[in-house]
Amino acid sequence: MLIDQSQSLQNVAVVGLGKIGLTLAAVFANNGYKVVGADINKEVVTSVNQGKSHVNNEPGLDQLVLHAHKNNTLSATSVTTEAVAHSDIIVVIVPVLVDDQNNVDYQFIDSAVHDIAKGIKKGSLVIFETTLPPGDTKNRFGKKIEELSGLSMEKDFHLAYSPERVYSNRILEDLQNYPKVVGGLNRQSLELASNFYKRALDCNLIEVSSLETAEFSKVAECVYRDVNIALANELAVFAEEKGVNMAEVITASNSQPYSHLHSPGIGVGGHCIPIYPYFFIDKGLDQGLTPMSRQINDNMANYAVSKIEKEIGSLENENVLILGLSYRENVKEPTKSTSLLLIDQLKNKKANLLINDPLFTDSEIQKYGANPLSLEDSFVSEIDVVILQAFHQEYSHLDFSKFSKCKLVLDGRNKLNEHEISQLGIKYKGIGN
Ligand SMILES: NC(=O)c1ccc[n+]([C@@H]2O[C@H](COP(=O)([O-])OP(=O)(O)OC[C@H]3O[C@@H](n4cnc5c(N)ncnc54)[C@H](O)[C@@H]3O)[C@@H](O)[C@H]2O)c1
């Protein structure tokens, strides 16, 4: 018998308690649902069961987790099958990545879906939130659940897709402010998912006509960003060639309402923008702006290194410090970070490579083949070149006078104080100036 009363759906399993999953679980648990989070990481499970968030720099999340814990509406387990077996709604937010050859890598989510299929009961609603190649919710995961559970998609369980579009560091705010795009396997799945989100997130909805439309819309957003950043990067490199300052150009051009030039930078990282274009490329969009933009953005690290060489010559045995292992500011996320491209480049140039990132431990940094360097260490006076890759808040008041031998600062995010740095006799170069 299918459930058609959304109000009777009370128990929710959130599969994947990462930055997004834990935040969703905490919000649902504070909005009238009894939530069990499932994650293969036992440390995450332990901390959630103590009422603690393991996610840094997410304003409001610590309090929500603690509040739900005290109210007994949020708990966690490493046994997904069990959490699913006790739930009416299952929200899946386990990453899909790409491998070194940029082939779609499903290992985490395939394993999660296997566990879900072993626990799912008749009448449940499964909502995928992970960014997916269009078609996967139904054709890969729906079918896998059917095959392993013996239940049927149309008859025995409901299936929906709703992409997660939030930005780390302001997830709670975005969950409230962005409309939630929802697609369903059929009318009933769509209605159940929409009713759930109305109550669980109290946000506006955009209902679309199919699972595939909802999946496509999220990948399209990421391709849009990647293509526009690539355009900004291409124009920045060209502006440099012509002796024009790109920052000034952007301010001037964007004063016209149809111009939305993005900011250029040393590269694009994280587990969204550099990954999701491959979800289209892999499905046949393998020519034109989408793959070309990937190349342009990934080439910026190479461009930055050649720019440094042009200024100071060979980097062999030079002490080069990268600020920020993370792909962007104030988030601990090394996936596809431009730092990884810089590390490869600088190793090839035989530079003596150092990395500072206040969000990572020394041993975490060492795993990437670089030496960690604290900004309190006296060795900062031996640094020849500084590259800003992620503008963490700790770098906003960085005292460059301690870098007494530094010849060049390459500001990969155009965020540092050019005037202050130049006054110390250190060359300053940004991207597009
Ligand atoms: N982080 C963002 O800024 C962002 C923004 C928009 C959308 N998203 C989407 O959210 C997804 C998750 O992002 P995140 O930042 O929370 O990732 P994350 O890496 O912080 O967390 C993923 C979690 O999944 C868990 N996991 C892995 N395999 C599992 C399995 N088989 N069963 C249960 N749990 C498993 C991991 O242990 C980890 O805790 C992304 O892949 C993307 O599709 C993320």
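Helices here (H or I, at least four residues) and strands (E, at least two) are DSSP runs, numbered from the N terminus. The model is a predicted one, so local features need pLDDT of at least 70 and side-chain atom pairs count only at pLDDT 80 or more, while totals for chains, interfaces and linings use all residues. Residues are numbered from 1 along each chain as its sequence is written, and side-chain values use heavy atoms, with hydrogens and water left out.

**View 1. Helix H13 and what sits over its buried side.** H13 takes in residues 300-312, 13 residues in total, and reaches 18 Å from its first C-alpha to its last. That is close to the expected 18 Å (the expected span being 1.5 Å times one less than the number of residues). Its buried residues (under 20% relative accessible area with a 1.4 Å probe, protein chains only; exposed is over 50%, partly exposed in between) are Met300, Ala301, Ala304, Val305, Lys307 and Ile308. They cover an arc of only 155° around the axis (taken from the directions from the helix axis to the C-beta atoms), which puts them on the same side of H13. The cover, counted by contact (heavy atoms within 4.5 Å), includes helices H9 (211-241), H12 (289-298) and H14 (338-348), plus strands E14 (385-388), E15 (408-411) and E16 (427-430). Just past the end of H13, Gly313 has a positive phi of about 85°.

**View 2. Helix H12, with a buried face and an exposed one.** Thr290, Pro291, Ser293, Arg294 and Asn297 are the buried ones here. Looking down the axis of H12, they fall within an arc of 160°, so they line one face of the helix. Turned away from that buried side are the exposed Leu289 and Gln295. The buried set packs against H9, H11 (277-281) and H13.

**View 3. The second largest pocket, about 290 Å³ in volume.** A pocket is an open set of points on a 1 Å grid over the protein atoms alone, with protein on both sides within 12 Å along at least five of seven lines; lining residues have an atom within 4 Å of a point. Volume is the space filled by probe spheres set on the points, which are joined across faces, edges and corners. Of the 14 lining residues, Asp100, Asn102, Lys336, Leu340 and Leu341 are the closest to the centre. H12 and H14 are the elements that give two or more residues to this lining.

How values were computed: 1 Å grid on protein atoms, 1.4 Å probe; cavity = no way out; pocket = protein on both sides within 12 Å on 5 of 7 lines; lining within 4 Å.
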